[in-house]
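Morning, everyone. I have one structure to walk through today. Please have the sequence and the 3D view open.

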Amino acid sequence: MGWTVGIDSGSTMCKAVLFEGNNMVDQYLTKTGWNPALSAEEALNTLLDRGRQGFRRHIIKRGDVRVVATGYGREAISFADATYTEITCHALGAAFLAPEIGGVIDIGGQDSKVIRLEKGKPADFLMNDKCAAGTGRFLTMACDVLGINLEEIDDFAHPTESVHITSMCTVFAETEIISSLAARADRGMILAGVLQSIAQRAHQMTAKMGFDGTNPLLMTGGLARSNMLVSAIAKVTGFVVKTDQNAQFAGAIGACVKEIENG
C-alpha cells in the first residue's frame, strides 16, 4: 500500500493529510503565512517526522510518499508531484467523509463555494472569491470588533435573539457592528446577527445550485467547526446540513483521493 500526502494550501490555513492506501491515517494544520511553500513544507515534514518517531508502524521516507497539492497556494508548492483544482478536491474530499451527500458548502478564509455532486463527483459549482462577504475573513473582522475569540463563537453568540446585520460588505458590516455597540446592543446578539448574515449568503448560493433536498449537504472549511453556524445555514436554506470532525481537511483529503484514483 502506498503513501500519499495531500496538501490544501488555503489563504489562511494550510491543511495536510497522510493516506496509507485508501485510508487517512494522520493530519496536520498550520497557518499559511506569507509563504505557502514554507507552510506546506512544514506540514509535509511534520507528517513524515511522526512516522520516523514511531508514531506509525512504518518509518516513512520522503521517497515513499506521493505529494499532491490544491488550494490558493498550490502552484507555489514546487515539490508537489501533482496539483488539482479546489473544486475537484473539495468535492471528492466531502464525498469521502460523507458518501450520502448531494452537495458541499465550503466557507474558507477568503472565499466561499457551493458544489453540487452527482454520484460523488462535482457536477456544478458556484464560487464567491471576489469579496469577503460570508467568508472566514468576514467573521474574523466581526470577532475582532466585538473583542471575541474566534474559537468561542458558539459559546458567546446569543442562541435565540440577534441584531440584524443588513450589509454583506465587510467594510459596511463593520460600521454596522460599531454602531450597534455604540447603541449598547448585546454583543452576543450582534454575533448571532453576523452568523445569520453568513447563513443568508450561503442561502443565496445554494438557491442557484438546483438542490432538491433529497440528500444532505456537507459543510466544510474552518467555519464548519461552529455548530451554531451550521444550524443557522440549515435553517435558512431549508436543507439538511451536516459536518464532520475532519471537514476542515476536505480539500487535502480530496487531493489524496484524486491521486489514488489516477493510480
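Predicted model: local features only at pLDDT ≥ 70, side-chain atom pairs only at ≥ 80, totals over all residues.

Overall fold. The protein has 8 helices and 10 strands. Take its dimensions. The C-alpha atoms fill a box of roughly 60 × 40 × 30 Å along the principal axes. How does the radius of gyration fit a compact globule of 263 residues? Such a globule would come out near 18 Å, and the protein has 19 Å, so the two agree.

Now the interior. Buried residues make up 52% of the 263. Look at the contacts with a sequence separation of 6 or more: 63% of them are between residues 24 or more positions apart.

Next, the aromatics. How many aromatic pairs does a search of the whole structure find? The search gives 2.

Take Phe19 and Phe96. Their ring centres are 5.4 Å apart. The planes sit at 55 degrees, so the pair is tilted; edge-to-face would need over 60. Where are they? Phe19 is in strand 2, residues 13-20, and Phe96 is in helix 2, residues 86-97. The pair therefore ties together parts 77 residues apart in sequence. Are the two rings buried or exposed? Phe19 is buried, at 0% relative accessible area. Phe96 is partly exposed, at 34%.

Then Phe211 and Phe239. This pair is edge-to-face, with 5.9 Å centre to centre and 80 degrees between the planes. Both partners come from loops. Phe211 lies between helix 6 (187-206) and strand 9 (217-220). Phe239 lies between helix 7 (227-237) and strand 10 (241-242). So this pair links parts 28 residues apart in sequence. Phe211 is buried at 14% relative accessible area. Phe239 also counts as buried, because its 18% falls under the 20% cut-off.

On to charges. The count is 10 salt bridges. I'll show three of them.

Arg66 and Glu259 meet in a salt bridge, 2.6 Å from N to O. Arg66 is in strand 4, residues 65-70. Glu259 is in helix 8, residues 250-262. That puts 193 residues of sequence between the parts this pair ties together. What about accessibility? Arg66 is partly exposed at 36%. Glu259 is buried at 9%.

Arg74 and Glu75 form another salt bridge, with 3.9 Å from N to O. Here Glu75 counts as exposed, at 62% relative accessibility.

Now Glu86 and Lys113. Their closest N and O atoms are 3.5 Å apart, in a salt bridge. Glu86 sits in helix 2, and Lys113 in strand 7, residues 112-118. So the pair joins parts 27 residues apart in sequence. Are these two residues buried or exposed? Both Glu86 and Lys113 are buried. Which residues share one network with them? Salt bridges with shared partners connect Glu86, Asp106, Asp111 and Lys113.

Let me put helix 2 together for a moment. Phe96 lies in this helix and pairs with Phe19 of strand 2. Glu86 lies in this helix too, and its partner Lys113 is in strand 7.

Cysteines next. The structure holds 0 disulfides. Cys89 is in none, and its nearest cysteine sulfur is that of Cys256, 9.0 Å away. Buried or exposed? Cys89 is buried, at 0% relative accessibility. For Cys256, the nearest cysteine sulfur is that of Cys89. Cys256 is buried as well, again at 0%.

Last stop, helix 5. The helix covers residues 170-182, and Thr170 lies in it. Thr170 is buried, with a relative accessible area of 16%. What does Thr170 touch, leaving aside neighbours within four places in sequence? Its contacts are Ala132, Ala133, Phe138 and Met141.

Go to Arg66 and Glu259, where strand 4 is tied to helix 8. Then go to the network of Glu86, Asp106, Asp111 and Lys113.

Conventions:
Residues numbered from 1 in each chain as written. Heavy atoms only, no water. Phe/Tyr/Trp six-rings, centres within 6.5 Å; stacked < 30°, edge-to-face > 60°. Helix = DSSP H or I, 4+ residues; strand = E, 2+ residues; numbered from the N terminus. Buried < 20%, exposed > 50% of the residue type's maximum accessible area, 1.4 Å probe, protein only. Salt bridge = Lys/Arg side-chain N within 4 Å of Asp/Glu carboxyl O. Rg over C-alpha atoms; globule rule 2.2 N^0.38 Å. Contact = heavy atoms within 4.5 Å. Disulfide = S-S within 2.5 Å.
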